[in-house]
Amino acid sequence: MDNQELSSIATQVRRDIVRMVAAVSSGHPGGSLGCADFLTLLYFEVMKNDSSNFQMDGKNEDVFYLSNGHISPVLYSVLARSGHFPVAELATFRKLSSRLQGHPATDKKIPGVRMASGSLGQGLSCGIGTALTKKMNGDDSLVYTLHGDGELQEGQIWEAAIYAAGNGVDNLIATIDYNGRQIDGDLEDVLPLGNLSQKWQAFGWEVLEMDGHNMEEMRSTLAKAKSYVGNGKPIVIIMKTEMGQGVDYMMGTHKWHGAAPNDEQLASALGQLEETLGDY
Amino acid sequence: MTETTDFEVLGKKDTRSGFGEGLLEIGRKNKDVVALCADLTGSLKMGDFKAEFPERFFQVGIAEANMMCMAAGMTVGGKIPFTGTFANFSTSRVYDQIRQSIAYSKKNVKICASHAGLTLGEDGATHQVLEDIGMMKMLPNMTVIVPCDFNQTKQATMAIAEMEGPVYLRFGRPSVPIFIKPDADFQIGKADVLIEGSDVTIIACGHLVWKAIEAAKELSIHGISAEVINMHTIKPLDSASILKSVKKTGCVVTAEEHMINGGLGDSVAQVLGQHLPSPQEYVGVNDTFGESGTPAELMTKYGIDTINVVEAAKKVLQRK
């Protein structure tokens, strides 16, 4: 798929995101918009997975865990747009009895979700577990995880980081959404993480960095990450993104981390995002 | 009526060793069984499994949160992970991990917890979890099993591998009498009536089952006929067995090495309150932390010994 096609899908995903959160006046648009390009690339090009026949056991296909579960709108949109379930279902987001819970969950059996997430810090450990099972099963497909940068303040992330490096879990590619913002403000003001790249390197990981809004750079970085698979080290990509990317008034601030736009703001956002694939 | 003499002591062993043997045996039968341990391989008696199946044993170090979620992740692809650490670190330390990644996500993880309760002994209250049954039974999708001796712990360990879904299996450190025959029937969710009686029902789990048997012997000397039920599965609770027995006896004593708040006794009271309101007395730890001491000293001091079961039975009989 060429970059323009991918970007066009990502733009529709962004429309879906703002419409979903606006419809229920709740949800997390900021981080969702920031990860729209990455998840589009992952699901439409990079990952090996069968969107029409979702299997919980994920055997012989790549498995993805969204550890920062609050950006569920982007995951749901990408899953729907890639054929896991009808796009019309996006209209049920956060509504009673919906399969699209506020944070991803497995109990209503939404295709594409294999683990509940939302309470932060758990997805890396889950990913390690699945990666080890793949090794035991002789399954050479991969495990991808996505984490917020603020999420790295959770101690469990570093327990998992130590484990994966110490045990050569080299069929796992973790990505950090490094947007520098969290609910209470800028990450630097809330709790600085220091030099992230050096931290992961010191923990024994193969570290890559990329611009989360540049399809070509992400494509080549992910290809490089895949080339490291089997080298004995877990792989992390620090992905620089802009929270709220694509909607001008949501960018440059932490304020849209977990706030939904009103009607007027929604209209403004949609005016900036072309309807490329047709709204749900 | 079953004679109490049926319960001859077959030996004495710690229940955690029953777990260790059960894990090894089910590991031989089912190649999908894998084990994770947080730096307590010896204490959990997981060494034999580790030696025989090194490729299926995962030493995670002192990182229980990571262990629980790794176990959850391992189920994706068909493994049946057994986690091993002390009961305190298997529950309260990792409650959120269990809640989200195991219970809510309905993953086939077997949380195996040793050194539960006061009988952990000298290490003291930091390690003596007395709230774990309550915490775990409150979680939807969770099965909670507290076997009573070495043989039953071994049976339970093997049985949980055969059922689909999250399980909390609680056992302990001290050497205690073995009185369940190795070939006895064990069904998850099906209580064992160990002694039939007509005056009072004693429902116990874990280490308190043997105490209940001793109490029944003592009560029989005083002409009191006690029915003893081994409620090894706290959840799902065998309500039918409770109701059948209490309909006959008209009163009940519950006995457990756990807080009265939130334990087996609470579960029994809920069933009786809804279907058959009956006098009930509780043998358990009453809203206090433990302390260092020998298991026997602690059971005496905190009121969870044979004498306490006897006294509770006498008391509840007067309330009929």
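Domain bounds, as I use them here, come from an automatic or database domain assignment. I am working with a predicted model, where local features need pLDDT of at least 70 and side-chain atom pairs count only at pLDDT 80 or more, while totals for chains, interfaces and linings use all residues. Residues are numbered from 1 along each chain as its sequence is written, and chains are lettered from A and ligands numbered from 1 in the order in which they are written.

**Entry 1: the domains of chain B**

I looked up the assignment for chain B and found domain 1 (11–178) and domain 2 (186–318). Their C-alpha centres lie 24 Å apart. Next I checked where they touch, calling two residues in contact if their C-beta atoms, placed from the backbone, lie within 7 Å. Domain 1 of chain B brings 30 residues to this contact and domain 2 of chain B brings 32 residues.

Which elements supply the domain 1 side? I noted helix H6 (132–137), strand S6 (143–145), helix H7 (150–162) and strand S8 (175–178) of chain B, each with at least two residues. (Helices, H or I with at least four residues, and strands, E with at least two, are DSSP runs numbered from the N terminus.) H7(B) gives the most, four residues.

I also sorted that side by class: 16 nonpolar, ten polar and four charged. Nonpolar means Ala, Val, Leu, Ile, Met, Phe, Trp, Tyr, Cys and Pro; charged means Asp, Glu, Lys and Arg; the others, Gly among them, are polar.

**Entry 2: chain A meets chain B**

Here I found 30 residues of chain A in contact with 21 residues of chain B. On the chain A side, helix H5 (123–136) and helix H6 (155–166) each supply at least two residues, and H5(A) gives the most, with ten. This side of chain A has eleven nonpolar, twelve polar and seven charged residues.
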